[in-house]
Amino acid sequence: MIARRRWLGGVLAAPLAGLTACSPGTTPAPRPVAARWVGAGHERGHRLRTLNARTGTLPAATARYRAGALVLGGGIAGLSALRALVRRGVGDAHLLELEDSAGGNSRGHHLAGFACPLGAHYLPLPGPEAHEVSDWLHEIGLLRLDPLRRTSLPDERHLAHSPQERLFIDGAWQDGLLPATGARPATLAAYRRFAERVATLQRELGFAIPTWRARWTPAHDALDRQTFAAWLQAEGLADERLLAYLDYACRDDYGAGLATVSAWAGIHYFASRHGFRAPGAEGREGEAQDGAVFTWPEGNAWLARRLATPNIERIHTDRVVLRVDEGRHAVEVLCWNEAMQRAEAWTAPRAVIALPLFVAARVLVNPPPALADAAARARYAPWLVSNLHLDAPLTDRPGAPPSWDNVAYARAGSTCALGYVDAGHQLLIPVRGATVITAYHALPERQRAGLLQGDADAWGQRVVADLATTLHPDLPQRVTQADLMRYGHAMRIPTPGTRGDPALAALRRPRGRLAFAHADLAGYSVFEEAFTAGAEAAD
């Protein structure tokens, strides 16, 4: 989960000290929150380190297996690779996964009878470049072909229901996330200016998801070599509300704000989908997508389950990969079986390495220089995903009604919650009652160790206090249980130089008996990038 480092005094005493209030409010009186860590145990992620520390060497295998092909890692990239291998006739393909269930950042949970996400919670309608994703969505029935218009239509039962999004700003809720209500003329002008720049770059340069299916030019590289904040300043775009919205968008998709991510990443967020729309323009204001997103109470675990189920007998969970050795005639994999508490050896002619780059570099014997270089430069965002069970509806503020996604306005640079989604919203229950809300915190990298070592009750209490201060003062009286999922390395941050890194391009090319497949190769983490990387690696 983390590279061990000394954690300075004072931080552990206040694990959410980096969370700042999004808007003025009265902090409610503290109340104990029953909280627990769920979803993952960092001990497994640190197994390689602990085994080495205890014995000085890795354990000897007491069981041996052969496979036609191996996939290491059961996130979306790994599941997609396994599916593609089986479809291409590799009947003896197998996948090894660290956790109790596959899915990676797209796993789900149940709390008090409610399904809820542990990570990613929606999928926008894929663009034309993500044709592997579109083909699969047709296969499972989420998309269907309209023969008259020769286009794909979504199954509307699985789209986010209205009202979809709202923002709490100036003491009231507004529809949509772009701060538009009461915006001054200067703010509206800044919105229009940014929309024009995105449209120009979209037209002249080109952006796509998956990102490597768009051309790469010196102009792209120039964007990639500076921060988004620096580019905005050079463009004269300094309006507070515009910067607040763009910072939120970057933290939500990339785990870091506009002062950290590259200008390419900031523009890509909008230009790779449907651009940026200023208030008054046709379509939804601000959003990079057209508003149509698939979602479920359990988030993208719905997708992960359908990707895994057809090949469930080939998926071996509770396996911690310790070493991968690419030999002249085969790939040898040593893993630790958590359930049996034993080491296992797996042999296959070829393997897909669907692991984060920093993990792949650690377990691979003689890693290629490109992997070592890319892993050394990679930065990862720690995340906290908090599922809170409420025994009754929350008292609401004036304005837009309760929505699927609920966000508090925060100035650029804030570390407060990215808002929460209501797991019960998609259930279409006519009378509001008990539910589960899922709050997301993209934490500063310096809080990784505090997240690892912190107490669940303390983190849960501070999450509740953060949301109560900014959005719902009665939240502490409504919470009955808090189930917390912590990610030490939730997603790679697209810092300047990431997208144009030649090491990532080198890792996407076939080499020897190994193929690499992970969203890390795109420099950021979304479903379409991971799914396509897995399919291409299998090919």
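What is the volume of the second largest pocket? The legends below begin with that pocket and then turn to other parts of this predicted model.

**View 1. The second largest pocket and its lining.** In this predicted model, the second largest pocket has a volume of about 400 Å³. Its lining is made up of 26 residues, and those closest to the centre of the pocket are Ala515, Glu536, Ala537, Ala538 and Asp539. Two or more lining residues are given by each of the elements β17 (351-353), α16 (502-508), β23 (514-516) and α17 (527-538), and the largest share, four residues, comes from α17. Sorted by class, the lining of the second largest pocket holds 16 nonpolar, two polar and eight charged residues.

**View 2. Helix α10 and the elements that cover it.** Helix α10 spans residues 301-308 and is mostly covered, with six of its eight residues buried. The buried residues are Ala301, Trp302, Leu303, Ala304, Leu307 and Ala308. Among the elements that cover these buried residues are the helices α3 (76-87), α4 (131-139) and α17, together with the strands β5 (108-111), β7 (123-124) and β13 (315-316).

**View 3. Gly68 in its loop.** Gly68 is placed in the loop that lies between β2 (63-66) and β3 (69-72). Because its relative accessibility is 29%, Gly68 counts as partly exposed. When its neighbours within four places in sequence are left aside, Gly68 is in contact with Val90, Asp92, Ala348 and Pro349. Gln174 is 106 residues away from Gly68 along the chain, and the C-alpha atoms of these two residues are separated by 55 Å.

**View 4. Cysteines in a structure without disulfides.** The structure holds zero disulfides. For Cys250, the closest cysteine sulfur belongs to Cys416 and lies 15 Å from the sulfur of Cys250, which is too far for a bond. Cys250 counts as buried because its relative accessibility is 2%. Cys116 also counts as buried, since its relative accessibility is 0%.

**View 5. Confidence along the chain and at residues 1-18.** The chain has an average pLDDT of 90, and 91% of the residues score at least 70. Over residues 1-18, however, pLDDT stays under 50, and for this stretch the model has 41 contacts beyond four places in sequence. Where pLDDT is low, the predicted coordinates should not be read in detail.

Note on methods: Residues numbered from 1 in each chain as written. Predicted model: local features only at pLDDT ≥ 70, side-chain atom pairs only at ≥ 80, totals over all residues. Heavy atoms only, no water. Disulfide = S-S within 2.5 Å. Buried < 20%, exposed > 50% of the residue type's maximum accessible area, 1.4 Å probe, protein only. 1 Å grid on protein atoms, 1.4 Å probe; cavity = no way out; pocket = protein on both sides within 12 Å on 5 of 7 lines; lining within 4 Å. Points joined across faces, edges and corners; volume = space filled by probe spheres on them. Nonpolar A, V, L, I, M, F, W, Y, C, P; charged D, E, K, R; others polar. pLDDT = per-residue confidence, 0-100. Contact = heavy atoms within 4.5 Å.
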